Amino acid sequence: MHASEATQKYFHQAADHLDMPCGLRETLLLPRRELQVQVTLEREDGCLANFVGFRVQHDNSRGPMKGGLRYHHEVDLDETRALASLMTWKTAVVNLPYGGAKGGIDVDPSTLTSRELEKLTRVFVDRIHDVVGPDTDIPAPDMGTNHQVMSWFRNQWEKYHGFNPAVITGKPVEEYGARGREEATGRGVGILTVKLMKRLGRKPEDTKVAIQGFGNVGSHAAKFLHDAQFPIIAVSDISGTYYQEDGLNVPELIRHKFHHPNGLLEGFEHAKHLPMDSLLSLSDATVLIPAALGGVITDDNVDSVSAPIIIEAANGPIYPVADKKLHDRGTVVLPDILANAGGVTVSYFEWVQNRQHYRWSLDRVRQELDHTMSEAFEEVWQRAQQMKVPLRTAAFMIGIERVQRATELGGGW
């Protein structure tokens, strides 16, 4: 199933519960603009390399469009379209004054030197600078990009439009970035995991957690939950799964990852080493957190997933057929458009600070994040209970309603 098909299926499941005028579904689903550009890079050996870049701008009825910039060898228009749509509903669920967008380049950044990566970013900005900006479309870091890429992006954009750090978020703190932005997505996952466990009557110390993916999101979620007394029994990256029945030493894992040349867990000796895919089927995990790529739980492997609770830290980790099977057997799934919204929430705080030319403390950023995520969670939880629908459907319903209302008020069709 294509990523956009999965997103549309979830959209329609929620829209079926709403009184939506004829034709409005298509209006809300179709992106406002899709941009595909050629990005030519002169490699350090003198050869030319050509890559394809994308920017999909889905909806701006509630404010400027917002979405990550992904450098990955599997980036394509369909995936970018799906992720842009998800950003529209995600920003609406947590009630940020944004619409959704997404972008990226079909490239494996590990094959480029730092200098080549900078050149690639600057050429990409040259191609799209006139359709992004602080009042129109604000990019942010995503898979394969980081605060350094954001700094290059901002610098190149400002060559055309002048000083305005609000053009992009996820920048280094020294370059007008927000304190707490790097930890934000993982911290948000942790905050909502704690909230959900309280609603389900589960104690942290009795709730074993397995986290697929130990990158930025997975590692920060692991740290937050470890500090909250949850035993993290397994984590994984491309080097395999690292398992400890009574709980891993998460600070030690993070130190090992930091000192590894490739930022991997490879060689970590204080845990049992298992195949990478085995994490999804661990029988003693209460909470499973997919925090890597999308589409990891499918019709082919869903029967082996036994965790009764799943927190979607990644975008689109569960395909609809698998999602239905999980729901039918009583698995509680906290959907991506709510669970991983911490990143865009703190990106919004960064944008606000840039517009005000004022910097918040880390404590204030964390407090505001906790408040925003908690408020959104309670709204979704209450809607799910009232309507007797899954949390995913409830979240989509709230997001769609807010975008629909803004579209109708603005006469956006």
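Are Arg122 and Glu118 buried or exposed? Both of these residues are buried, a term that here means under 20% relative accessible area, with exposed meaning over 50% and partly exposed the range in between (1.4 Å probe, protein chains only).

## Basis of the model

This is a predicted model, in which local features need pLDDT of at least 70 and side-chain atom pairs count only at pLDDT 80 or more, while totals for chains, interfaces and linings use all residues. Residues are numbered from 1 along each chain as its sequence is written, and side-chain values use heavy atoms, with hydrogens and water left out.

## Overall fold

The protein contains 13 helices and 12 strands, taken as DSSP runs (H or I of at least four residues for helices, E of at least two for strands) and numbered from the N terminus. Along the principal axes, the C-alpha atoms fill a box of roughly 55 × 55 × 45 Å.

Of the 413 residues, 56% are buried. Among contacts (heavy atoms within 4.5 Å) with a separation of 6 or more, 69% are between residues 24 or more positions apart. The accessible surface comes to about 17,400 Å², and 47% of that surface belongs to carbon and sulfur atoms, the areas being computed by the Shrake-Rupley method with a 1.4 Å probe.

## Charges and salt bridges

There are 44 positive and 54 negative side chains, and the centres of the two sets lie 5 Å apart. In this count Lys and Arg are positive and Asp and Glu negative, with His and the chain ends not counted; each charge is placed at NZ of Lys, CZ of Arg, CG of Asp or CD of Glu. The structure holds 25 salt bridges, each defined as a side-chain nitrogen of Lys or Arg within 4 Å of a carboxyl oxygen of Asp or Glu. Arg70, Glu79, Lys102 and Asp142 are linked in a network of such bridges.

Two of the pairs lie within a helix. Arg122 bridges to Glu118 with the closest N and O atoms 3.0 Å apart, and because these residues are four positions apart in helix H4 (residues 114-128), they are separated by about one helical turn. In helix H5 (residues 147-161), Arg154 and Glu158 are likewise four residues apart, about one turn of the helix, and their closest N and O atoms are 2.9 Å apart. Arg154 counts as buried because its relative accessibility is 7%, and Glu158 is buried at 15%.

Another salt bridge joins Arg383 to Glu401, with the closest N and O atoms 3.0 Å apart. This pair links distant parts of the chain, 18 residues apart, with Arg383 in helix H12 (residues 362-387) and Glu401 in helix H13 (residues 391-410). Arg383 is buried, with a relative accessible area of 18%, whereas Glu401, at 30%, counts as partly exposed.

## Positive phi in two loops

Most residues other than glycine have a negative phi. Asn95, although not a glycine, has a positive phi of about 60°; Asn95 sits in the loop between helix H3 (77-93) and strand E4 (99-106) and is partly exposed at 44% relative accessibility. Gln229 also has a positive phi, near 80°, and lies in the loop between helix H7 (216-227) and strand E7 (232-237), where Gln229 counts as exposed because its relative accessible area is 53%.
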